[in-house]
Amino acid sequence: MIEGLNEYVQKSSTVWIREDGKDIKVKDWIIPVWEEQREDWDAVILGVPLSRSSISASAASEFPKAFRKAWELFTTYYFDEHVDFRDYKVGDLGDVKMHYTNILQCHDNIEHAMQHIQHNYPNSFYVSIGGDHSITAPLVRSIQSNNENKSIGIVQLDTHLDLRDLSQGPTNGTPIRQLVEGNVVKGENVYNIGLHGFYNAPSLIEAAHKHKVNMISLKQLRKKGIASVIHDVMEQLSNKVDIVYLTVDMDVLDITYAPGVPASTPGGMRTDELFDILFEMGKYPIVRAMDFVCIDPNRDNQVQSTVKATTYAFLTALASRYIHKMKK
Ligand SMILES: [Mn+2]
C-alpha cells in the first residue's frame, strides 16, 4: 500500500482476477492500486463502509462490497455514446478502516484517508462509495483543508436537505448542516437538486433559507430540463468556487427504482434522469470528487435493482468524464 495511507485504508475483500481481451468487463478494467503502482490514475475509488450513523437502520456499510461484485455485470463500452472508455485509468484504493462503534473515530479515519489520497494522487478524480450520507462531511472537510485558499461548492442530489441540527450527533441527516455551520462550505454554494413531497420539515426549510442553500425541486428540474438546470447551476458555481463536490444520495430515486435505499420515497427521480444528470456533470472538470451514499444491498430486491442502478450511475459519470477529457 501507499505510504501513510495504509494506516487508514485496507485492501478490499473483493479482488477480481482480471482478464485482458477485446471484450472486457468493468471488473477487468478497474485496478487495485496495490497491484499497479502509478500516480496518474484518472480516478481513484475509495470504499467507505460506515452506516452506524444512519437514522434509519441500514447496512449501507455492505455496499462497497456489493458494488465491486456488480463490476462483472457491465462492460466498458457505453452504447449511448458509442465509446469504449477502458483507457480511462481507474484505481481501487480499498476501504477506509472503521472503528466498530465510535462514529467520530470513523469520521476521523475517513478525513485522514482522504488527506493521504489527495497527497498521493493530486490530479485524480475522487470517488467515494458509501456508507451513509454522514461520510460526506469528513470527505468535504478533508478536501477543504487540503485546499486552504480555495472555496468549495456542493451539488447534492437528494430527497432531503440533510440540514438537521446536531443534537443527536452527526448522522446521515446532518452533513450539509455540519459543513455550512463549520464554515467549510457556504450555504449559497450548495445546490440541492431533487427535493419533492413531504419529507422535509418546516425547521429544515427554515435552516435552508437561513443559510441560503439553493433548492431545486424535482418538479422544477423536469419543467426546465436537466441540461439547462445543470448548465445554470454549474455556471453559477464556476463563478463562485474553485472546486465542486458532487454528492449523490441514492434516496433521491423513487422507491420503485431504489428499493435498497432505506429512505427512498414515492415521487422521486427516475434512474434515466439520474444518469442524464451525471452525464451532464461529467462535462465540468471543476467537479473534483463525487460520492454515492445510502445504498443498503441487504434490503435490495432479488435482481439487485439498486446496486445495479448505482453502478450504472457511477459508470455514466466516469464515461462522461472520459468523453469530455478526450474532446479537449
Ligand atoms: Mn442525504
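**Entry 1: His133.** I started with His133, which is buried at a relative accessible area of 0% (buried means under 20%, exposed over 50% and partly exposed in between, with a 1.4 Å probe and protein chains only). I was looking at a predicted model, where local features need pLDDT of at least 70, side-chain atom pairs count only at pLDDT 80 or more, and totals for chains, interfaces and linings use all residues. Residues are numbered from 1 along each chain as its sequence is written, and side-chain values use heavy atoms, with hydrogens and water left out.

I found His133 in the loop between strand 7 (125–130) and helix 4 (136–146); helices (H or I, at least four residues) and strands (E, at least two) are DSSP runs, numbered from the N terminus. Leaving aside residues up to four places away in sequence, I saw that His133 touches several residues, including Asp158, Asp162 and Asp249 (contact means heavy atoms within 4.5 Å).

**Entry 2: the manganese ion.** Which residues coordinate the manganese ion? I noted His133 (ND1), Asp158 (OD), Asp162 (OD) and Asp249 (OD), at 2.1 to 2.3 Å. Donors are N, O and S atoms within 2.8 Å of the metal (3.2 Å for Na, K and Ca), and water is not among the atoms, so sites may look incomplete. Asp162 lies in the loop between strand 8 (152–157) and helix 5 (175–181), and Asp249 in strand 11 (residues 243–249), so this pair links parts of the chain 87 residues apart. Both Asp162 and Asp249 are buried.

**Entry 3: the UniProt record.** I looked up the unreviewed UniProt entry, which places the feature "binding site" at His133, Asp158, His160, Asp162, Asp249 and Asp251. They span 119 residues in sequence, yet no two of their C-alpha atoms are more than 11.7 Å apart, so they gather at one spot. UniProt positions are given in the numbering used here, feature names are shortened, and annotations may be inferred rather than shown by experiment.

I also checked Asp251, which is buried with a relative accessible area of 3%. Among the residues Asp251 touches, beyond those up to four places away in sequence, are Asp158 and His160.

**Entry 4: aromatic rings.** I turned to rings of Phe, Tyr and Trp (its six-membered ring), which pair if their centres lie within 6.5 Å; planes under 30 degrees apart count as stacked, over 60 as edge-to-face and the rest as tilted. The count comes to 7 aromatic pairs. Phe67 and Trp71 have ring centres 5.6 Å apart and planes at 85°, so they are edge-to-face.
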